[in-house]
Each structure stands twice: as structure tokens, then as C-alpha cells.
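Subject: The structure, and some notes on it

Hi there,

Here is the structure I promised to pass on. Please open it alongside this email, so that you can follow the notes below with the residues in view.

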Amino acid sequence: EKHITLAQLKEVAQEAYNQFKSNTDGKNADYIPYLANIDKNLFGISICLLNGQTVEIGDTEYRFGIESVSKVHTAILVLRQYGAQKLLDMIGADATGLPFNSIIAILLENDHPSTPLVNAGAITACSMVQPVGDAKKKWDAIVSNITDLCGSAPQLIDELYKSESATNFNNRSIAWLLKNYNRIYDDPDMSLDLYTRQCSLGITAKQLSVAAATVANKGVNPVTKKEVFEADLSPKITSLISTVGFYEHTGDWLYTSGIPAKTGVGGGVMGVLPGQFGISAFAPPLDGSGNSVKAQLAIKYIMNKLGLNVFGGD
Ligand code: GLN
């Protein structure tokens, strides 16, 4: 395995930042009003090594909407509470090849919603969070799991939560279609609300790189040293991310970047390179599939420049 130093990472991340800073491609998510108005010039890159050292460039302390990156965190919580086999049985671990918000994902497989990393499976995951039936305690479990992974607490962006709750018609349909097929395990409206709220949590790029590094480090948070989950869950999490982290463009992403990563329409991307580091990048303008343009460019640049690849580097 290649040994990458902090100095090398700093240099290459700075190059990536300089090179893509003025890129104006893509546009902010506009189907959630709050996200449409975020400063489109924000840009940050954060890397956390497994010894806890970090690289921070640009806006890595800005709190943005975690959005779909939270699907990884809550999948981890479900793995912690239920174990790997139950997640497979009750949700699944398949690629969908479909956009994140696809309602068809539910109908594709007749036994489960396919993966916790698309909207359908993520709403099911929220329904599974224990204690089932208790919205308050479930929410506390979701937030405390994210806090463990990131090493510090996320903060609800109230305006984002309101904005998203008022416009989430598609997700409401997903929740009730899941109910129709008995693939949701708590009250559908409550599960949907937990999902919407977790997507509205404010997080920084720095926090996401620590969470990614916790996965890369077999469950031990490299900054706080806390064991967040059991080591054998780590490859399960990375496999989920690899399969569907960029939705219908996951194959293209892995092929060109060499790193399993998960995106969110808030502009964040979080990547896991097992045994090496966690990386995140944040920039609001998105491509047509809801993935941050500059975050993708930056992470690809860093991986390729350093000759790193989860399938074997040079
Ligand atoms: N909350 C958003 C939604 O469900 C998250 C989507 C995403 O980040 N891809 O539509």
C-alpha cells in the first residue's frame, strides 16, 4: 500500500483548489428553495488521515446542508443497531442505476427497496432506526450517530428543513408507496420527517472528512479515537457507497476517480479510501444528476495526481 504524506496531500489539494476555484459550471439545486440561494462561489476541500491529521483548504468550516450524504450515516446507524444481514434483508445493497429520487427504485426488486443510499431505501432506513415508534428518541439516535462519526455535532438548518418539508411531494409519494409494499417499518409520515430533517442538518466539509476517515479507519474515529462501529461493518459501508454513491453515474465516477464516494444536493461529496484517508469537498453548483461539479473535479484530481485507486494504484 502506498504511503501518502500530509505534505503531499496538502500540495495536491491546494493545486486542485487553485485549478477549479473559478469554474462556473453547474447550478445550485433549485427544487429546494433554500439551496437555490446559497453562495455559489463557496468551495472547500478537506482530508483526514487515519492518524487524525487534516488538510483544510477553502471553505471547510462553512455549514451546508448534508442532504444525501446523511444516507451513509443513517445506514451506519442501522448497521450498528441491526447488523449486516438484516440491512441486506430489509433494505438491500444493490445499485439502482436510477436517479436518487426515483420512485421506481421501489418496484425494481420485489423483496426490498434496494439500497439505503437512495431516497426510497433511506426513508426505510429511518423507519428502522430504534426505538421504533418513538420519533424523539429516533431523532436523538440519528444525531448522536452523526456526531460520533464526525467527532462533533451537526446543527439543524431550520430554514432548510422548512423549505424542504414544504416541497418534498415526491418523497411523500415514496414513503407511502413503501408502505403499500410493506417495506417501511414505522409510521410513513414520521419516517419521512426524520429523513427530511436529517437531510437538513448543517455540516462542514471538515466534519465530513472525519466521518469518511472513520469508515476508512474501520470504525474508529481518528480524531476522537472513539470506536463508533465494529470493524467488520466497514467494508459493508464502503461497498454500499461504491455501488450507488453517485446514483446513475456511479460507474462513471468510480471508473474516473477510483474512490467510493457519496454526494448530496447541498454540494457536499464524501469519499472513503480504506486504510488511507477520508476526503470531502464542497461547492454548491451541481451537474444534471445532482452532484457537485467542483467537488467531483477536485477529488478526481487528487486521486489521479497521487496515483491512488481503491482497485489498485500505480
Ligand atoms: N433531501 C434531498 C431529497 O430527498 C436529498 C437529495 C440528494 O442530496 N441527492 O430530495
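Below are my notes on the ligand site, the aromatic rings and the strands. Please keep in mind that this is a predicted model.

**The ligand site**

Let's begin with the ligand. The residues around it are Y31, E67, S68, F100, N119, E164, N171, Y195, C199, Y247, G264 and V265. Y195 has a polar side-chain atom 2.7 Å from an oxygen atom of the ligand. For N171, an N or O atom of the side chain is 2.9 Å from a ligand oxygen, and for N119 the corresponding distance is 3.0 Å. How much of the ligand does the protein bury? Taken alone, the ligand exposes 300 Å², and the protein buries 98% of that.

**Aromatic pairs**

There are 7 aromatic pairs in the structure. Are the two partners buried or exposed? Y31 counts as partly exposed, at 41% relative accessibility, and F100 counts as buried, at 10%. Together with Y247, Y31 and F100 form one aromatic cluster, and Y31, F100 and Y247 are among the residues around the ligand.

Another pair to look at is Y62 with F282. Their ring centres are 5.7 Å apart and their planes are at 5 degrees, so the pair is stacked. The pair links distant parts of the chain, 220 residues apart: Y62 is in the loop between strand 2 (54-58) and strand 3 (64-65), and F282 is in strand 8 (residues 277-282). Y62 is partly exposed at 28% relative accessibility, whereas F282 is buried at 0%.

**Charges over rings**

R197 lies over the face of W139, 4.8 Å from the ring centre. The charged end of K294 is over the ring of F43, at 5.3 Å from its centre.

**Strands**

Which strands pair with strand 1? Strand 2 runs antiparallel to strand 1 and is joined to it by 5 bridges, with G58 in strand 2 as the bridge partner of G44. The two form a hairpin with 4 residues between them, and G52 in the turn has a positive phi of about 90 degrees. Strand 8 also pairs with strand 1 in the antiparallel sense, over 6 bridges, and here C48 stands opposite G278.

Elsewhere, an open sheet of 3 strands has the order 3-5-4, with antiparallel pairing. Strand 3 and strand 4 (155-156) are at its edges with a single partner strand each, so one side of each has no neighbour in the sheet. Strand 3 pairs with strand 5 (residues 201-203) over 2 bridges, and F64 has I203 as its bridge partner in strand 5.

Happy viewing, and do write back with any questions!

Best wishes

How values were computed:
Residues numbered from 1 in each chain as written. Predicted model: local features only at pLDDT ≥ 70, side-chain atom pairs only at ≥ 80, totals over all residues. Heavy atoms only, no water. Phe/Tyr/Trp six-rings, centres within 6.5 Å; stacked < 30°, edge-to-face > 60°. Buried < 20%, exposed > 50% of the residue type's maximum accessible area, 1.4 Å probe, protein only. Lys NZ or Arg CZ within 6 Å of the ring centre and 35° of its normal. Near = heavy atom within 4 Å. Polar contact = N/O pair within 3.5 Å; in protein donor to acceptor, adjacent residues only side chain to side chain. Areas by Shrake-Rupley, 256 points an atom, 1.4 Å probe, with all protein chains shown as cover. Pairing = 2+ DSSP bridges.
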